[in-house]
Amino acid sequence: MPKLLLRDLRQVVSPSGRDAPLRGRALGDLDWIDDGYILCDGDRIAEVGRMRDLAPLGGEVEELNGRGRCAIPGLVDCHTHAAFGGDRVDEFSLRAAGASYEELHAAGGGILATVAATRAAGEAGLSRAVERHRGWMLRAGTTTFEAKSGYGLDRDTELASLRAIAAAGGIPTWLGAHAVPPEHEDGDAYLDFLLAEVLPDAAELAEAADVFLERGAFDANQARRYLEACRAAGLALRLHGDQFTEAGAIPLAVELGARSVDHLEATGTAGARTLAESDVVGVLLPVSALFLDRPMPPARTLVDAGAAVALATDFNPGSAFCESLPLVCSLAATQLGLSPAEALGACTVNAAHVLGRADRLGRLAAGYAADVTLLDAPDWRYLAYHLGGPVVSGVVKDGAVAW
Ligand code: NIG
Ligand code: FE
């Protein structure tokens with residue numbers, strides 16, 4: 001593989017340092033080079049510097065002209081539900097006419113509607129769907145994505161979802177405990193099945209386990225049972241928590257040493273304090289809050305209290321049909337009270353930390369993965385500023401030009 005030189009970049013911008021996760025003021029600290037270059041050697045970054053300091057390069061070097069463009073680390077989406085069949089556009093219209101997300105879920109629509117479509121898709125159909133979604137993410141500047149199962153809820157479809165995610169290059173999370181499917185009497189009976197019949201194989205395919213701890217889904221006792229069994233099987237732990245109600249997700253996440261607790265739209269002062277004092281990352285999903293017309297999570301309070309926060313899309317057909325981390329950054333700056341620099345740290349280094357990869361993803365520095373997102377902009381902050389615009393103009397993944 002020849003070296004790849006990204007040259008004459010207007011700005012090269014990266015979260016500073018080597019630490020992860022970034023907290024407090026460090027979340028917005030940047031290394032910022034005007035008129036810079038990035039030299040990739042294989043799938044790693046060899047050098048980042050100023051054009052005037054670029055020494056003559058020997059050997060075969062492919063060049064990419066970065067004139068007029070800014071470079072940021074390849075974006076990392078640490079929370080998606082990209083493995084699904086069908087869509088929920090009818091439900092979207094019903095919600096636009098006044099129906100609530102929770103009402104539709106209770107009436108057997110919502111997540112369970114996607115479960116039926118996902119089971120019907122088959123493994124080949126699911127693989128095609130995840131590939132398609134991966135392509136959308138790449139166009140939006142995402143070079144690494146996590147994706148959850150959770151729309152199969154039977155053995156075959158859960159395992160097929162995890163395989164489809166891995167085949168598309170995603171990082172698989174087992175969300176077996178997403179909802180109780182109709183063939184099981186209640187949550188406890190469903191967990192009996194999941195832990196006996198699915199966990200042993202899911203633990204071979206996934207890196208982490210996730211649970212939807214919420215009224216109408218799984219309660220704190222059920223979540224604890226599921227997560228403890230998953231941890232014993234070697235999986236890292238994550239939780240969907242405080243989306244609609246505070247039902248004990250943050251204390252449970254802290255107690256179990258989870259990697260993250262995600263959503264937090266309903267988190268109050270005490271929960272924010274508990275999270276801030278812990279090693280658990282709060283993953284904020286402002287598109288989901290926007291899409292469901294819910295309150296935004298208390299991002300500013302969390303960051304100021306010293307919590308580690310990440311940003312992600314929550315891409316899924318029901319609550320967040322959006323794969324764009326640039327749009328998430330726009331929402332972070334306009335709705336969450338974060339600066340563009342804090343938003344960048346949250347969807348690069350801190351997201352990589354949630355995925356256990358902060359030692360090689362999320363920064364533009366020697367030794368890190370040669371994953372670069374190029375912005376067609378005179379200033380990198382257009383990432384958040386150009387709301388909904390075509391700001392991403394190219395992506396390098398593993399040292400190769402992806403588009
Ligand atoms: O993170 N809240 C639970 N799960 C997903 C939504 C799933 C769906 O509506 O299909 C979420 O928002
Ligand atoms: Fe989610």
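Author: The model is predicted: local features need pLDDT of at least 70, side-chain atom pairs 80 or more, and totals for chains, interfaces and linings use all residues. Residues count from 1 along each chain as written, chains are lettered from A and ligands numbered from 1 in written order, and side-chain values use heavy atoms, without hydrogens or water.

Reader: What share of its exposed area does the protein bury in ligand 1?
Author: Oxygen atoms of ligand 1 lie 2.8 Å from a side-chain N or O atom of Arg-88 and 2.5 Å from one of Ser-319. A polar side-chain atom of His-81 is 3.3 Å from a ligand oxygen. Alone, ligand 1 exposes 320 Å² (Shrake-Rupley, 1.4 Å probe), and the protein buries 100%.

Reader: Which residues coordinate the iron ion (ligand 2)?
Author: Donors are N, O and S atoms within 2.8 Å of the metal (3.2 Å for Na, K and Ca). At 2.1 to 2.2 Å, they belong to His-79, His-81, His-240 and Asp-314.

Reader: How far apart in sequence are the parts that His-240 and Asp-314 tie together?
Author: His-240 lies in strand 10 (a DSSP E run of at least two residues). Asp-314 is in the loop between strand 13 and helix 11 (an H or I run of at least four). So the pair ties together parts separated in sequence by 74 residues.

Notes:
Polar contact = N/O pair within 3.5 Å; in protein donor to acceptor, adjacent residues only side chain to side chain.
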